[in-house]
Protein chains: 2
Amino acid sequence: MKVALIQQEYKGSKKETIKYTKKMIQEASKNGAKLVVLQELHQNEYFCQSEDVKFFDYALSFKEDIKYFSKIAKKYKVVLITSLFEKRTAGLYHNTSVVFEKDGTIAGKYRKMHIPDDPQFYEKFYFTQGDEDGFKPIDTSVGKLGVMICWDQWYPEGARIMTLKGAEILIYPTAIGWFDEDSQDEKDRQLDSWITIQRSHAIANGVAVISCNRVGFESDSSGVTDGIRFWGNSFVSDAGGKIIAQAKTSEKILYAKIDSNLTKETRDIWPFLRDRRIECYKDLNQRFCDQSRSIIK
Amino acid sequence: MKVALIQQEYKGSKKETIKYTKKMIQEASKNGAKLVVLQELHQNEYFCQSEDVKFFDYALSFKEDIKYFSKIAKKYKVVLITSLFEKRTAGLYHNTSVVFEKDGTIAGKYRKMHIPDDPQFYEKFYFTQGDEDGFKPIDTSVGKLGVMICWDQWYPEGARIMTLKGAEILIYPTAIGWFDEDSQDEKDRQLDSWITIQRSHAIANGVAVISCNRVGFESDSSGVTDGIRFWGNSFVSDAGGKIIAQAKTSEKILYAKIDSNLTKETRDIWPFLRDRRIECYKDLNQRFCDQSRSIIK
């Protein structure tokens, strides 16, 4: 099954940006992609660099955005992973991936479960975290897709639950980058950590992983900080944790062929799911086991 | 804090093997190591290559073994991580790490929680899995140590629970190797997966990881198979997931300095523990969510 990841820059306006995205989807489809993955919040600049209520208006078009990408998916006959800003009701917004079937119908949607909040990534201001039944794969004509978003990629818990619910591929639209003022060593560490943690989900669960990241420099519209240089490097790992395609730090349609037989092959050799100690994992539902700490110290 | 990992070959007998181990511990101590980590089942050959009741007799010396390594820890003033074959009662054996304080007292013990069973790694025949309160860090003079063993290293669950219970370093004595008949590609994939999954525990949890592996070829005493070539490559990852020391495929005392400040620094930058969705992780206690599958399919 051929997949395409569209790693792109923000084009200065939503109109120009989605025009470019549409062209890339057309090209990916022409080249045989059955599944197209877009990056996080691909219609606009990464507006979470500052906290400003004006950006909530970006979510007002959520229903129109769905109609638009539904048409695109249908026109180019691809299963399409989008990443949109959802207005659920006044004062309640989500960072939401809507997944379209190749006939344009909505296959399902996923509301980002783990919300970050760090300098220049002020997402807790904009997004309410997904509801409790959040980690649920989306059934499509190309398989059961465990779609999560960006910060989710750091959590083995999400990857595992998606797997236990039958996900065959894990997919992360994402927006992560460097601050120019950081040292090269620190930048290398961050990029390498980001790849490693996602490959580890492939290894632990025996599923392929797709990660589609933003690329290019985006300034902070508030003028307070020096902006973010999104590091691209979108990649696809097979079910054994091997990177089979990886982009660099420029725009790219990244193609890969996912072999669905590898999940069975990999898991049969190293059957981690067989030996999980499910009766001993209750503490995973704890924030921190303070009591065990205080008893000892 | 300086640590030493003793990666060694089996010397043909228990007597010769522990003689060599003792010499290496002495050397590590002389070189300033405060914590010494031994590989899995370091006293004997890796006997799990076949199923034979005669090997249960290796566990009869468990109490003597404890006395022996207690003396060694005291003599060389090191916190010592051993990996022993424990007879708990007749017909009930464990793969157990006993951890000694630098004064020779027992700081704690850990019974391997996830037990593999694959061709030439017939551990389910020999070892009962650890009891339900298994994932508990051991308090020592060099910190709270999240000691687990070999197959445990593939499970993000164990690493996370140890972290939630305050572990400051994760430590894996291990015994993993190649079959000579596998292709180089497959061997590379296995080694890389093994390193990646363990580094991911450092990244996800912001703790250092120590992995001490066997090295050298060991034949199958039953003569049925072609033996295992233990791949060494013991390593230490810092709390940011960066490898700070790594052995090759020969005997080695591997030294590293662990900076305990890195846990705070790393977690403050990327505070994953802050954003865990603990109310949404209940399915981690499931074997497989068959129902969610059957509803859709």
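**View 1. Surroundings of B:Asp117 in the predicted model.** B:Asp117 touches A:Arg274 as well as B:Glu51, B:Tyr122, B:Glu123, B:Lys124 and B:Phe125, leaving out residues up to four places away in sequence, where contact means heavy atoms within 4.5 Å. The residue is found in the loop between strand S6 (106-111) and helix H3 (123-126) of chain B; helices (H or I, at least four residues) and strands (E, at least two) are DSSP runs numbered from the N terminus. The C-alpha atoms of B:Asp117 and B:Lys252, which are 135 residues apart along the chain, are separated by 28 Å. Because this is a predicted model, local features need pLDDT of at least 70 and side-chain atom pairs count only at pLDDT 80 or more, whereas totals for chains, interfaces and linings use all residues. Residues are numbered from 1 along each chain as its sequence is written, chains are lettered from A and ligands numbered from 1 in the order in which they are written, and side-chain values use heavy atoms, with hydrogens and water left out.

View 2. The axes of helix H5 (residues 184-205) of chain A and helix H5 (residues 184-205) of chain B come within 8 Å and cross at roughly 115°; axes are lines fitted to C-alpha atoms, for helices over the stretch in contact, and angles run from 0 to 180 degrees between N-to-C directions. Residues making this contact include A:Asp192, A:Thr196 and A:Arg199 of H5(A) and B:Asp192, B:Thr196 and B:Arg199 of H5(B).

**View 3. A:Gln198 within helix H5 of chain A**. A:Gln198 is buried, with a relative accessible area of 0% (buried means under 20% relative accessible area, exposed over 50% and partly exposed in between, with a 1.4 Å probe and protein chains only). Its contacts, leaving aside neighbours within four places in sequence, are with A:Gln153, A:Tyr172, A:Val209, A:Ser211 and A:Phe235.

**View 4. Aromatic pairs of chain A.** Rings of Phe, Tyr and Trp (its six-membered ring) pair if their centres lie within 6.5 Å, planes under 30 degrees apart counting as stacked, over 60 as edge-to-face and the rest as tilted; by this rule the count comes to 57 aromatic pairs over all chains. The rings of A:Phe47 and A:Tyr58 have their centres 5.5 Å apart and their planes at 85°, so this pair is edge-to-face. A:Phe47 counts as buried at 2% relative accessibility, whereas A:Tyr58 is partly exposed, with a relative accessible area of 24%. A:Tyr68 and A:Phe69 likewise form an edge-to-face pair, at 5.1 Å centre to centre and 90° between the planes; here A:Tyr68 is partly exposed at 27% relative accessibility, and A:Phe69 is buried at 1%.

**View 5. Two residues with positive phi.** A:Gln120, although not a glycine, has a positive phi of about 75° and is buried, with a relative accessible area of 5%. B:Asn233, also not a glycine, has a positive phi of about 60°, and counts as buried at 9% relative accessibility.
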